[in-house]
Amino acid sequence: MTARLEVTGLRVRFDTDEGSVLAANGVSFSLRPGGVLGLVGESGCGKSVTAMAVLGLLPPTATSEGSVRLDGEEIAGLPPRRMRRIRGREISMIFQEPMTSLNPAFTVGYQIAEVLRRHEGLTRDQARVRAAELLDLVRIPEPGKRVGEFPHQLSGGMRQRVMIAMAVACNPKVLLADEPTTALDVTIQAQVLDIMRDLRAQLGTSIVLITHDLGVVADIADDVVVMYAGHVVESGAVDTVFAGPRHPYTIGLLGSVPRPDLGLDDGRGRLREIPGFVPTLREPPGACVFAPRCPRADALCQERMPPLEEQAPGQYAACVHPGGHAHE
Amino acid sequence: MSEPVLQISGLKKYFPVPRSRGGGRVHAVDGVDLTVAPGEIVGLVGESGSGKSTLAKCVVRLLEPTAGTIRLHGTDVTHRSQRRLRRLRRQVHMVFQDPYSSLDPRTQIGDIVSEPVRMHGLAHGRRARELVAGMLERVGLSADMIRRYPHELSGGQRQRVGLARSLVLEPSLLVADEPVSALDVSVQASILNLVLDLQRDMGFSCLFVAHDLSTVEFLCNRVAVMYLGRIVEEGTREQLFGGPRHPYTQALLSAAPLPDPPRQRERRRVLLPGDIPSPIDPPSGCRFHTRCPVAELPLCRDEVPGLTDHTADGHRASCHLIRTDGTAPAVT
C-alpha cells in the first residue's frame, strides 16, 4: 500500500547572520491513508518547519532538500503555481493560534467561501451555503447565523473550529494540524479532538498532528514520530512506543509527565528530569544531538549522529544504546 | 488547629466594562472562601476565565478586591494601604507565568534576586551577596549567574531566578501563577521538582494556580476547582482525584488525555457542550447549568447551590444533584 504522504530525507537550512541553522536534518516519515500521525517534540525541534516544508511555505531565507510524495507523486520543488493548486485542496493546514490565522476584516463565512470559490469554482451563493454546512460539520451551533460573524465575535474554541472547517472545505487528502489545541482549554481541546476523530471517520482524512502534548498523541494518533533538535529520534505505532520507548529522549519525555495514577516517581515523590535544555541548531554536530543531555552517553555517542534503525518490528530509534524502559 | 497562613472569605473582584463595549461588570471572582494552612500546597485549578489568576493577584494585592476579606496570619490585609502592606510583603511572594516578561531585561540576575533583600533593609554589602549566592545555589543556579542578564538564560533558568527572587526572604506564602505552563515539557519536570524540594526544605505554604490537572495532582495536598468565579469543588488530592463529585470536575478530569494509548482509548469521556459563558453576565442559579450534562431544570437554573461538605470530611462541592451521603451524580 502506498503511503498517503511520504517524507524522505527532508533537510531545511536557514541562513542567518550567525551562520546557518539546520532546522530539519534528515526527517523521514510516512502517513498511512486514513491514519493519524503524531509528530512530537519540544519547541525548536523542527516539527513546524517540517510541516511548512511539506506545504512549500518556507520563507525565502530557507533552503530545503529531500522528497515529499503525495500518493506516490513528488511534490517537493513544484513550481509555485502548481503548489497553490495542491495547497488547500490536497493538503491543508490548521495553525496553533486561530486568531492570527483568520483575517479580522472579513466574516468567517466569506473566508471559508473563498477557499471553495478558489479551488472548487463555486459561485458566491453556493459557497456561502456550503460554508454553513461546513460550520455544521465542525459542530458550530446556529451555523446559518455564524457565517455572517467576524472572528472577534467567536470564542477561541469556535475560531479553531472555523479554521478546521476552512481546512477541510475541499475535502483534502491530508490535514496538517500544528498544535491545534495548545491555545485551548482542556474541555474545548476534548471537543476539537473529537471533531478531528469524526472527520477522519466521515471523510477519511489523513492527519499529521504536530504537538508537544503526549496525552493528545495517545488520545488520537495511530503512529508517532518523536523529533529532537531537527532529527527524528524515534518512530513507531503509538502503543509500541508509549509502552516500550527505546530512545533515551522518548523515555525521558514520557517520564517527565506527572503520572500520579501510576505512582511513577523515584521514590521521593519527584518527577524524572531531563537535565539541560534544548540545544540551538547551529552547525550539525559530529555527535548524537541528544548526547549532552543523555544519561547513557559515552565515547561512541560522540562519533556521529546514529541513524534510525529498526529496534522491534515497526519501531525505529536513532540511538547506539537503545532499549530500556520509560519507567526504569 | 494552627492558624491558617491565608484565609480568604467571601472574596469578590469585579471589573467594570466600558460603556462603549456594552457596560456592565466582569464577575471575575464572585464569592470565594479558601484557606491555606501552614506548610500546605493548595492547587487552584480552572480553565481560562475561571478567575483563578485574578484571585491570586488579589491575594498579593496586585488587584484591589471589590468585597470580602483576605487575612494573612490572622491580619486583615484586604484594604491596607500599600505603605502599611510593605511589612507584610516579606511574608507573601509571587512567581509569574511568563519567565520572559517577569524579569527586568536590563537588570543583572544578582540584582534581581537581591532587590527584595535591599528593599526590606535586611542585609547589605557582603551579607546580601552571600544571601543571594546561597539562594541561587538552592534553586540550582551557579554563582556566576550573578553578573548575567535575563536574555542570556533559558526559560527554565529564568523561572529558577523567579523562584529565587520570591523565596530569598523566606516568605511564609508563595503564590505561584502557572509557573511552568510557558516552559517546555522536559524543563517543566525539573521546575516542579524544585518547587517540591524547596517547599520541603523551607516549609512555606503555597497557592499554586494551574490549568493542568496532572501538575496539581503531583504537587498539591489540597485542590480547589474554580468555574466562572466560584469554587465548585474543594478537597484533598485523594478526595478530588479519587472521587470527584461535581459534574464539572468529573468532566475536567476526563477531558485531560492520559499519555497511555490503550488506557486513553478505554476511558469514559465526558464531552461538555459549548464554551464557558461570559463572566459579564454569568448564568443564573448554578453557573455550570448551561453546560452540565445532567442539569435538572428548573432547580439548577433557579437556585444557587451552596458549597456543601456532604460527608463532613472537608470534601466540599456545590451541586444540587449530589446526594446527602456524598454520592456524586453519574455524568456520561
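In the predicted model, chain A is divided into two domains, domain 1 spanning residues 5–205 and domain 2 spanning residues 229–317. The centres of domain 1 and domain 2 of chain A, taken over C-alpha atoms, are separated by 29 Å. The contact between these domains of chain A takes 16 residues from domain 1 and 11 residues from domain 2. On the side of domain 1 of chain A that touches domain 2, strand β2 of chain A (residues 19–31) gives the most, with 10 residues. By class, that side of domain 1 of chain A has seven nonpolar, eight polar and one charged residues.

The two chains also meet: 38 residues of chain A are in contact with 34 residues of chain B. On the side of chain A that touches chain B, at least two residues each are supplied by α7 (156–167), α8 (186–203), α9 (214–220), α10 (238–243) and α11 (248–255) of chain A. The largest share of this side comes from α8(A), which provides seven residues. Sorted by class, the side of chain A that touches chain B has 18 nonpolar, 11 polar and nine charged residues.

Helices α7(A) and α8(A), which both supply residues to the side touching chain B, also pack against each other. Their axes lie 10 Å apart, at an angle of about 15°. Angles under 35 degrees count as roughly parallel, and α7(A) and α8(A) are therefore roughly parallel to each other. The crossing in which α7(A) passes α8(A) is right-handed. From α7(A), the contact is made by A:G157, A:Q160, A:R161 and A:I164, and from α8(A) by A:I188, A:Q191, A:V192 and A:I195. The residues of this contact of α7(A) with α8(A) comprise four nonpolar, three polar and one charged.

Helix packing is also found in chain B, between α5(B) (residues 155–167) and α6(B) (residues 185–202), whose axes come within 10 Å and cross at roughly 20°. This angle makes α5(B) roughly parallel to α6(B). The passage of α5(B) across α6(B) is a right-handed crossing. Residues B:G155, B:G156, B:Q159, B:R160, B:L163 and B:L167 of α5(B) make the contact with B:V187, B:S190, B:I191, B:L194, B:L198 and B:M202 of α6(B). Seven nonpolar, four polar and one charged residues make up the contact of α5(B) with α6(B).

Strand β1(B) (residues 6–16) runs antiparallel to β2(B), and nine bridges join the two. For B:Y14, the bridge partner in β2(B) is B:H27.

Two features of the backbone concern loop residues. In chain B, the peptide bond from B:L297 to B:P298 is cis, with omega near 0°. Residue B:P298 lies in the loop between α10 (261–266) and α11 (299–302) of chain B. In chain A, A:E142 has a positive phi of about 50° although this residue is not a glycine. Residue A:E142 is placed in the loop between α5 (124–137) and α6 (143–146) of chain A.

Technical notes: Residues are numbered from 1 along each chain as its sequence is written. Chains are lettered from A and ligands numbered from 1 in the order in which they are written. This is a predicted model: local features need pLDDT of at least 70, side-chain atom pairs count only at pLDDT 80 or more; totals for chains, interfaces and linings use all residues. Two residues are in contact if their C-beta atoms, placed from the backbone, lie within 7 Å. Helices (H or I, at least four residues) and strands (E, at least two) are DSSP runs, numbered from the N terminus. Ala, Val, Leu, Ile, Met, Phe, Trp, Tyr, Cys and Pro count as nonpolar, Asp, Glu, Lys and Arg as charged, and the others, Gly among them, as polar. Two strands pair if DSSP finds at least two bridges between them. Domain bounds come from an automatic or database domain assignment. Axes are lines fitted to C-alpha atoms, for helices over the stretch in contact, and angles run from 0 to 180 degrees between N-to-C directions. Angles under 35 degrees count as roughly parallel, over 145 as roughly antiparallel, 65 to 115 as roughly perpendicular and the rest as oblique. A crossing is left-handed if the near helix is turned anticlockwise from the far one by less than a right angle, and right-handed if clockwise.
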